[in-house]
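Have the coordinates open as you read.

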Amino acid sequence: MKWKKRFWQNLNIYIPILVLLLSIIGLIMISSAVEINKTPENWNFIQKQLIALIVGIVTIIIIQFYDYSLLKEYSDLIYIFTVGVLILLLVIGSEISGGRSWISIGSINFQPSEIAKLVVVIMLANVMSEMKDKLKKFKGIIKSGLYAFIPFILIILQNDLGTALVILFIYLVMLYVAGGNQKIMFLVFGGSFLILVLLLSSHLLFETPLPFIKEYQLNRLVVFVNPDLDPQGAGYNILQSKIALGSGKVFGKGLFAGTQNQLNFLPEKHTDFIFSVIGEEFGFLGISTVLGLYLLLFWNMIKIAINARDDFGKLVVTGIIALLFFHVFQNSGMTMGVMPITGIPLPFISYGGSAMLSNMIAIGIIININVRKKKIMF
């Protein structure tokens, strides 16, 4: 019974409470987005999301019975297996929404790249915690970067640019926290960004070949700058999202009362643009509440990272924070038109079993690191 007492003494109770609140908000907003008030059979969406949530909660509980150091011990095997699955997807993966990044078994679709992001966090935490001094040199930065670069390229080849960008952001944040040489980071990644801009400009001006980026992805970047260039095509999603958010004003139109949502002007409203549904139906107050919950979640995660018992735990929490923050920033930003559309879901709120399970596993690992800031024997 002693370990139970110490478990509850060390547990940051705000983490599970905030995650549960966000998940409940997600279930409510999905119910509106899929119009269960009009079509009762759409309860299937809620049932699937609820199942994913329950499985996630059970997974969180199971994770607590094992010390997170096991992740460090088996990180190589987990990483190799994940890379193998990503390679296999290029051959047998099912194509959904333009991306060959899904495994389909009957009516169940699973996206391995969601778990791959978390695996990259674990692998990078292991590598960076072992080679801290070497990260001050160019060779160390490149060597650690290879562990992120391999899944990055494989996911790009699956035509999933959004997830690939998440991995890049995770690596940069973890490298900075691990003590990477900031001058080298600026030269390498600043130079890479400049090259990308030059490639995009050359393609737009002189129609030169553009590797790794599809034409529709390029169109998203173009209409991000000016969606009115193609209001009925590539710019349609952004324009409809802005209309939905703006029409919600301060207090919103009420649940099931959003016209852009209920009249189906808003695209992908239960996944990519669910933040717009929140804005239309609950207004500025609603989106401020949701963003406030995320900020509280990140703040408590940062405290856990600071108090972690070792560098590995600290870097794992850092990577998970980077992962979730990018999702929140990118998803909310694209609905407002301040970020390009990438199809990245809103954590715990957007519909999607793969994302929900992956995020719940991440939360389980964070709780595990939190309660073991003083070693507990299970």
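Q: Which residues does aspartate 272 touch, leaving aside residues up to four places away in sequence?
A: Aspartate 272 touches Asn331, Met334, Thr335, Gly343 and Ile344. Keep in mind that this is a predicted model.

Q: What makes aspartate 272 count as buried or exposed?
A: Its relative accessibility is 16%, and buried means under 20%, so aspartate 272 counts as buried. Aspartate 272 lies in the loop between α12 (259-262) and α13 (274-306).

Q: Which residues of α2 and α3 meet?
A: From α2 come Ser23, Leu27, Ile30 and Ser31, and they meet Phe45, Ile46, Gln49, Leu50 and Leu53 of α3. By class, the residues in this contact of α2 with α3 are six nonpolar, three polar and no charged.

Q: What makes α6 roughly parallel or roughly antiparallel to α15?
A: Here the axes of helix α6 (residues 112-130) and helix α15 (residues 353-371) come within 8 Å and cross at roughly 25°. Angles under 35 degrees count as roughly parallel, so α6 is roughly parallel to α15. The contact is made by Glu114, Ile115, Leu118 and Ile122 of α6 with Ser354, Ala355, Ser358, Ile361, Ala362 and Ile365 of α15. Those residues of the contact of α6 with α15 divide into seven nonpolar, two polar and one charged.

Q: Why is the phi of asparagine 159 worth a look?
A: Most residues other than glycine have a negative phi. Asparagine 159 has a positive phi of about 70° although it is not a glycine. Asparagine 159 is found in the loop between α7 (138-157) and α8 (161-177).

Q: How do you know whether asparagine 159 is buried or exposed?
A: The relative accessible area of asparagine 159 is 15%, and the cut-off for buried is under 20%, so asparagine 159 is buried.

Q: And what about lysine 249: buried or exposed?
A: Lysine 249 has a relative accessible area of 66%. Exposed means over 50%, so lysine 249 is exposed. Lysine 249 is found in the loop between α11 (236-247) and α12. Its phi is near 50°, a positive value in a residue other than glycine.

Q: What separates the C-alpha atoms of phenylalanine 7 and glutamine 64?
A: The C-alpha atoms of phenylalanine 7 and glutamine 64 are separated by 9.4 Å, with the two residues 57 residues apart along the chain. Across the protein, among contacts between residues at least 6 apart in sequence, 70% join residues at least 24 apart.

Methods: Residues numbered from 1 in each chain as written. Predicted model: local features only at pLDDT ≥ 70, side-chain atom pairs only at ≥ 80, totals over all residues. Heavy atoms only, no water. Contact = heavy atoms within 4.5 Å. Helix = DSSP H or I, 4+ residues; strand = E, 2+ residues; numbered from the N terminus. Nonpolar A, V, L, I, M, F, W, Y, C, P; charged D, E, K, R; others polar. Buried < 20%, exposed > 50% of the residue type's maximum accessible area, 1.4 Å probe, protein only. Axes fitted to C-alpha atoms, helices over the stretch in contact; angles between N-to-C directions. Parallel < 35°, antiparallel > 145°, perpendicular 65-115°, else oblique.
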